[in-house]
Amino acid sequence: MCLLIVPVSGDDIDEVRARIDAALSAGANAIELRLDLMGPLSADDVRSLRSDTAREIPFILTIRSAAEGGHWDGDDDERVSRLIEFGPFADFIDVELALWRRSANIRQKIELALHRADEVSHDGGVEQVGFAARRRLILSHHDLKSRPAALHKLWLEMLAEPACHAPKIAWRARSIRDNFEALDLLRDSPRPAIALCMGAEGILSRVVAKKFNAFGTFAALQTDLATAPGQLTIEQFTHTYRWRTIDSDSALYGVIGDPVSHSLSPRIHNAAFADAGLNAIYLPLHVTASYEAFKAFMVEIIARPWLGFRGFSITLPHKENALRFVLESGGRIDAAAQRVGAVNTLCLSPEGALSACNTDYAAASQCLAEAVKDRKPTAPNLRAAVLGAGGVARAVVAALRDLGAEVAIYNRTHDRAEALAAQFGGRALPWNDRARHTANLVVNCTSVGMTPRDDESPLPSDALCTDLIVFDTVYRPRETRLLREARSRGCATVDGVAMFTRQALTQFQIWTGRAGSFDQFESVIASGFQSS
C-alpha cells in the first residue's frame, strides 16, 4: 500500500496534536513528525501523540538537516541522540544517507534508535514494555538544486544497505522529463521505495507514484505548511487527483502547456472521470515553450507504454507543435485539425499510435455564432479584429471566415499574422496598430490578461466603443481586465468559459466514448473560480 504521508510540525504539543487529527480526517494514512520544524517537545509529549493515534497509522520520525532542505543546523551527535530518545514512538526513522555514511559510530547509534524499546516496568512481576522496538529505517537523499550527478549510484547504495527498509531520493526537477527517471526507479525497485521530483514540474512523480507501489508520497496539510517545493496539499491529492482510486491500472491524461498552473482542466476532467466511474486521472504537465521540449516529452511518453497515458489536452504554446509532432510520427489527424493547422487533443493507444483532433474550432464556431446572434453586425457586415496568431487564433479565424466575416489579424510576430491571413483570407496588420482597428467584433486569442497576469489587457481601453462585441478566449479569470473595461464602456462581452467548456466536453467524449454533461463541466469550472 502506498502511504499518503503528511509532514506535521507545530510550536507546541497542542498544535501538533491538532494537525495530526486534521491530517487523518483529511485522508492521510501516515504521519511524518518533522522534529526539525517543531518547538520543544519532550519524550513524554511524543509518547502521548503516539498513544492518542490509532496504532495502524505509522509515524515517521525525521530531523532533516538544513543541507537537505530541513531546519536542523546543529551537531550530528545531538541529532542522533534525539532519534534515540524519540525512536521508541516511531514506526520508521528517516536518516539521510550522508549522515549514515559518516562513521561506524553514527551507524551504531542509529541502530540503537531503531531497536531501543520504551520504558520497561514490572507490574505485578510481569514485564510491561510501553512501546516495543519495531521501527524500520528509511535512508534518504535530497537535492534542492538539481538532479544529483550520482543519482543511480546513490539509489543503488541505499538499496544495497541491509538495514534500509525503504530508500528515498528526491531532487528538484530540471524539467518535467526528470519525472520519468523517478518513475523508472520506482517501477524497477525490488521493494517499495520513494522517488520524487520537487518543484512545480514534479507533480507527475508525486501523484503517479501510487501506480507503481511506492512506499509513499508526501502531502502538505495546507499550502503554507509544505515542507518541500512543489508539495501538493492533501486536499489536492484526495479531491482533485482522486488519490483513493489510483491503482496500477489507472489510465493517465493531462494538459500540456506553458504555463499550466492556472488550468482548470484537471478539476473538470477528474470530476468527469469520477462521475462516469472511470479509473483515470488527469494531470497538469508543464512542458516548456519549444518544439524540441514538446517532442522530447512525447518521445519519453511513447517509450513508456506502462505509464498508461491515453490522452492529452494541448494548450498554448504547443498546439502547432503537437500537429507537427503527429505529422512527423505518422499519426492520424482529423479534418478540423488539418484545416485549422493546430491540435488541442491527442489520443494515444496502448500500442503507441497517435491521433490528433481540434475541438477548439467547433467550440469557437458555436460561441461566435451565439455572440452575433440577434445582434448587429451580421454577415456580410461582420468585421473582426483577432488579437494573436497561435493555435486558438487559428481556430477562431477559421470559424469567423465560415461566418462570412472580414478578418484583420494583429500579432506581435508579424510574420505569423501574415501566414495566418494568407491561409484563411484575411489581413495582417501591425500589432501596434490594434487600437486603431475598425472592427465591430474583437476576439482576444492571446494569453494577455490570463492568471497570473490578470492586471493586463491586450487592448487599450480607448479602443473600446459602445457598438463593439468583445470576446476574450481567456477563461481564467472569468472576467478579464479587457472584458471589465469593455463592459464599462457599453460593449457587449463574451467570456472564454463557454468555449473552454465546449472544447473540454468534446475531448472527454473522444477519450471515453461517454457523452459527458455540459452543465456538470460548467459547474466544476464555477467552483474552481470560487476556490481560487
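1. Let me start with the cysteines: the structure, which is a predicted model, holds zero disulfides. For Cys445, the closest cysteine sulfur belongs to Cys367 and lies 12 Å away, too far for a bond. Cys465 has its closest cysteine sulfur in Cys491, at 6.0 Å, and that is again too far for a bond, since a disulfide needs the two sulfur atoms within 2.5 Å.

2. The surroundings of these two residues are worth a glance as well. Cys445 counts as buried, because its relative accessibility is 10%. Cys465, at 39% relative accessibility, counts as partly exposed.

3. Next, please look at the open sheet of eight strands, where the pairing is parallel and the order reads S9-S8-S7-S4-S3-S2-S1-S10. Strand S9 (194–198) and strand S10 (216–218) stand at the edges; each has a single partner strand, so one side of each is left without a neighbour in the sheet. From one strand to the next, the twist averages 25°.

4. Within that sheet, three bridges link strand S3 (residues 59–62) with strand S4 (residues 92–96) in the parallel sense. If you want a landmark for this pair, Thr62 has Asp94 in S4 as its bridge partner. Helix H6 (residues 151–160) packs on the sheet, where it touches strand S7 (136–143), strand S8 (164–172) and S9. The direction of H6 makes about 160° with that of S8.

5. Moving on to a helix pair: helix H11 (residues 291–302) packs against helix H12 (residues 319–329) at an angle of about 50°, and their axes are 10 Å apart. H11 and H12 are therefore oblique to each other, and their crossing is right-handed. On the H11 side, the residues in contact are Tyr291, Phe294, Lys295, Met298, Val299 and Ile302, which meet Asn321, Ala322, Arg324, Phe325 and Glu328 in H12.

6. What does S21 pair with? Strand S20 (residues 441–444) runs parallel to S21 and is joined to it by four bridges, while strand S22 (residues 492–494) pairs with S21 in the parallel sense over three bridges.

Note on methods:
Residues numbered from 1 in each chain as written. Predicted model: local features only at pLDDT ≥ 70, side-chain atom pairs only at ≥ 80, totals over all residues. Heavy atoms only, no water. Pairing = 2+ DSSP bridges. Helix = DSSP H or I, 4+ residues; strand = E, 2+ residues; numbered from the N terminus. Axes fitted to C-alpha atoms, helices over the stretch in contact; angles between N-to-C directions. Contact = heavy atoms within 4.5 Å. Buried < 20%, exposed > 50% of the residue type's maximum accessible area, 1.4 Å probe, protein only. Parallel < 35°, antiparallel > 145°, perpendicular 65-115°, else oblique. Left-handed = near helix turned anticlockwise from the far one by under 90°.
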